[in-house]
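Trainee: I am new to this structure and would like to know what stands behind the terms used for it. Please start with the whole and then go to the parts.

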Amino acid sequence: MTPTIIGFPRIGEKRELKFATEHYWKKQLNQDELLQKAHEIKLAHWQAQQEAGIDLIPVGDFSFFDNFLDVANDLNIVSDRYRQLGLSKLDEYFAQARGYQDGDQTVKALPMKKWFNTNYHYIVSEFTPETRVQFNGQRLLDEIREARAAGINSIKAVFIGPYTLLKLARFVDGAKPTDFITDLVQAYQALLANLQELGVDYLQVDEPAFTFDVSQQDQELFDQLYDQILAQPTTVKVILQTYFGDVRDVYQDLIQKPFAGIGLDFVEGQENWQLIEQYGFPTDKALFAGVVNGKNVWRNHYQTTLQQLHQLPAEVSVVLNTSSSLLHVPYTVANENQLDQDVAQHLAFAIEKLHELSELAAIVAGREGSKKYLEENQRLFVDVKHSVNVVVQKRVEALRDDDYTRLPDRKTRIALQNEELDLPLFPTTTIGSFPQTADVRANRRQFKHHEISQEEYDQFNEEKIARIIRKQEELGLDVLVHGEYERNDMVEYFGEKLGGFVFT
């Protein structure tokens, strides 16, 4: 049984990509140096997957900023206001993601939106009546050549699909999704032709938008796109990859189309099990079964996963897969040297999930020595140590019905607040957090490294707070905030004050 993944974190083991791009933006690295660092990161990621036993390695999942923006640029979907800046391709790309300012010349960045039900945000590319879609994806083709040169031969090219592109993009000045069907079909056919010329066997087309509700109009859009794209003869095997839910609205149509494989999420898309049971799965396609959770940080329970896989018809060709890209988890648990072993042994980040897939594949295939993987995993779940706080347990047990009733009632509270605060009908305020400027970050860093005392650290913050309160008073704001200079990341700051949480 072949193990693969949908995608891998691009940030690097020690956040090398983050630091390199920030240095580039500050002009502390030139473009050649940034590209070299990116090459080193990609090479390390491909080799890590190969060494872990991943048989089909995704190429094209790396990004300097956002994969959705990558594909938009690969398809020539770039607004004129960015082209007119006269920048290099890379800087034009960053201008779309971050905006651009040089003297009096200012161009805003494209908007961001949440990527489905994750905390990741993607850059919303825009179609206008002037947009001319065509494939110019040298980025992807160059990465395939890079991987080949590094000895990575079992390659799966990765590209966001046309349906998801049209569903998540923005259409302005009267442009409509249907205006671009013909050009998109030709662009994706050109993509397949280029991949065939390079000798690439597999193309993973990401279509997570199929997990949204699909209307009849959406269904027609899907048919118009893929009936034409797949009509072109090609040696490239096209895998339609979905994630973040089930595909109940399009499943019957999906399995009828000539895809070589279909990727289904069996973690968040529990309904996908029932769809296969009810409608079956074609024997002429591979099922890329997303059974290892790509979004959470916990170890996979092998016995449960194996039982799930046994539900699939025996005649179905199964490829073991993650439920989503591993972009959403940290790089490796191996670097978490401040966690208790009782906690760390139950964690699986990206590297660990690669090994889980390989071990599951070995167990299913009955390979020699694979029995120990299952036994070790079973022991892990037998010996789960949960932290216990007796004080909290007793407080919960002592709760009564009237503890859930807030007193005084809302009408009384409003009267008290009006009397005490004496605010106008529409009071003015601002968000509680002010920018964590360089001096604020330096003060915190010096305190963490024991370079300054607690008193010096607190005094600095108190002076910053006093300054920002004076500023709000001068501006005449009604409800003042203190700026939250004493905290780092908000989730981390409050989580550290709660029992039952650990931070990496």
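Mentor: Among the contacts in the protein with a separation of 6 or more, 75% are between residues 24 or more positions apart. Contact means heavy atoms within 4.5 Å. This is a predicted model, in which local features need pLDDT of at least 70 and side-chain atom pairs count only at pLDDT 80 or more, while totals for chains, interfaces and linings use all residues. Residues are numbered from 1 along each chain as its sequence is written, and side-chain values use heavy atoms, with hydrogens and water left out.

Trainee: How many helices and strands are there in the protein?

Mentor: The protein has 20 helices and 14 strands. Both are DSSP runs numbered from the N terminus: helices are H or I with at least four residues, strands are E with at least two. The C-alpha atoms fill a box of roughly 75 × 65 × 50 Å, taken along the principal axes.

Trainee: What percentage of the residues of the protein count as buried?

Mentor: Of the 504 residues, 46% count as buried. Buried means under 20% relative accessible area, exposed means over 50%, and partly exposed lies in between, with a 1.4 Å probe and protein chains only. The protein exposes about 27,000 Å², and carbon and sulfur atoms supply 49% of that area.

Trainee: Why does Ser323 count as buried?

Mentor: Its relative accessibility is 1%. The cut-off is under 20%, so Ser323 counts as buried. Ser323 is in the loop between β14 (317-322) and α13 (341-344). Leaving aside neighbours within four places in sequence, Ser323 is in contact with residues including Ile6, Tyr243, Phe244 and Asp265.

Trainee: What does the side chain of Ser323 reach?

Mentor: The side chain of Ser323 reaches the backbone nitrogen of Gly294 at 2.9 Å. A polar contact is a pair of N or O atoms within 3.5 Å; within protein, one must be able to donate a hydrogen and the other to accept it, and residues adjacent in sequence count only if both atoms are side-chain atoms.

Trainee: Why does Asp173 count as exposed?

Mentor: Asp173 has 64% relative accessibility, and exposed begins over 50%, so Asp173 counts as exposed. Asp173 lies in the loop between β9 (170-171) and α8 (181-198). Its phi is near 55°, a positive value in a residue other than glycine.

Trainee: And what makes Asp422 count as exposed?

Mentor: The relative accessibility of Asp422 is 63%. That is set against the cut-off of over 50%, so Asp422 counts as exposed. Asp422 is in the loop between α17 and α18 (438-448), and has a positive phi of about 50° although it is not a glycine.

Trainee: How do you know what span is expected of helix α2?

Mentor: The expected span is 1.5 Å times one less than the number of residues. Helix α2 (residues 31-52) has 22 residues and reaches 32 Å from its first C-alpha to its last, close to the 32 Å expected.

Trainee: Which residues of α2 are buried, and why are they said to be on the same side?

Mentor: The buried residues of α2 are Leu34, Ala38, Ile41, Lys42, His45, Trp46, Ala48, Gln49 and Ala52. They cover an arc of only 155° around the axis, so they are on the same side of α2. The arc is that of the directions from the helix axis to the C-beta atoms. The face turned away from the buried side of α2 carries the exposed residues Asp32 and Glu51. Elements covering the buried residues of α2 include α1 (16-25), α5 (89-98) and α14 (350-365).

Trainee: What makes α5 mostly covered?

Mentor: In α5, 7 of its 10 residues are buried, including Leu90, Tyr93 and Phe94. Just after α5, Gly99 takes a positive phi of about 85°.

Trainee: What is called a nonpolar core?

Mentor: The term stands for a set of buried Ala, Val, Leu, Ile, Met, Phe, Trp, Tyr and Cys residues joined through side-chain atoms within 4.5 Å. The largest one has 98 residues, and those with the most contacts inside it are Leu75 and Trp115. Helix α8 gives the most to this core, with 8 residues. A second, separate core of 20 residues includes Tyr24, Leu85, Ala97 and Ile123. In soluble globular proteins, nonpolar side chains tend to be buried together.

Technical notes
Accessible areas come from the Shrake-Rupley method with a 1.4 Å probe; for residues, only the protein chains shown count as cover.
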